[in-house]
Amino acid sequence: QLSVVEVIEDAPMITVLPPDAIPAIDRPTFVSAREGDAFMRPEEKVLGITDGRTARAYSTWQLNHHEIVNDFLGEAPIAVTW
């Protein structure tokens with residue numbers, strides 16, 4: 001249900017989703033590139049990151065449904081957003 005929560009310069013601000021309605025991925029699991037070939041299309045876009053030792057690829061299809069992945073790259077905590 002949509003609800004008007006505020007009016008700014010005569011334009012209603014409408015709440016479409018309540019806070020925290022889209023769950024983040026907090027403990028992502030990964031597969032090898034070879035294993036990913038079994039269920040990802042070759043043209044599927046990913047967000048990639050590396051620290052020179054470890055590389056990660058985050059499916060934009062999955063990010064469309066979750067928007068945030070809380071992860072670690074080595075010892076560094078990272079947030080992947082889409």
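Me: Why is Glu67 called partly exposed in this predicted model?

Reply: The relative accessible area of Glu67 is 33%. Buried means under 20% and exposed means over 50%, so Glu67, with 33%, falls in between and counts as partly exposed. Glu67 is placed in the loop between α2 and β5 (68-73), and its phi is near 70 degrees, a positive value in a residue other than glycine.

Me: What makes Val16 an exposed residue?

Reply: Its relative accessible area is 57%, and because the cut-off is over 50%, Val16 is exposed. Val16 sits in the loop between β2 (11-15) and α1 (33-36). Together with Ile14, Leu17 and Ile22, Val16 forms a nonpolar patch on the surface, with about 350 Å² of accessible area in total.

Me: What makes up the lining of the largest pocket, by class?

Reply: The largest pocket has a volume of about 680 Å³. Of the 24 residues lining this pocket, Val31, Phe39, Met40, Ala57 and Ser59 are the closest to its centre. By class, the lining comprises 15 nonpolar, 5 polar and 4 charged residues. At least two lining residues come from each of α1, β4 (55-59) and α2 (60-66), and β4 gives the most, with 5 residues.

Methods:
Residues are numbered from 1 along each chain as its sequence is written. This is a predicted model: local features need pLDDT of at least 70, side-chain atom pairs count only at pLDDT 80 or more; totals for chains, interfaces and linings use all residues. Side-chain values use heavy atoms; hydrogens and water are left out. Patches are made of residues with over 30% relative accessible area and no salt bridge: like charges are joined within 9 Å, nonpolar side chains (Val, Leu, Ile, Met, Phe, Trp, Tyr) within 5 Å. Accessible areas come from the Shrake-Rupley method with a 1.4 Å probe; for residues, only the protein chains shown count as cover. A salt bridge is a side-chain nitrogen of Lys or Arg within 4 Å of a carboxyl oxygen of Asp or Glu. Helices (H or I, at least four residues) and strands (E, at least two) are DSSP runs, numbered from the N terminus. Buried means under 20% relative accessible area, exposed over 50%, partly exposed in between (1.4 Å probe, protein chains only). On a 1 Å grid over the protein atoms alone, a cavity is a set of points where a 1.4 Å probe fits but cannot get out, and a pocket is an open set with protein on both sides within 12 Å along at least five of seven lines; lining residues have an atom within 4 Å of a point. Grid points are joined across faces, edges and corners, and a volume is the space filled by probe spheres set on the points. Ala, Val, Leu, Ile, Met, Phe, Trp, Tyr, Cys and Pro count as nonpolar, Asp, Glu, Lys and Arg as charged, and the others, Gly among them, as polar.
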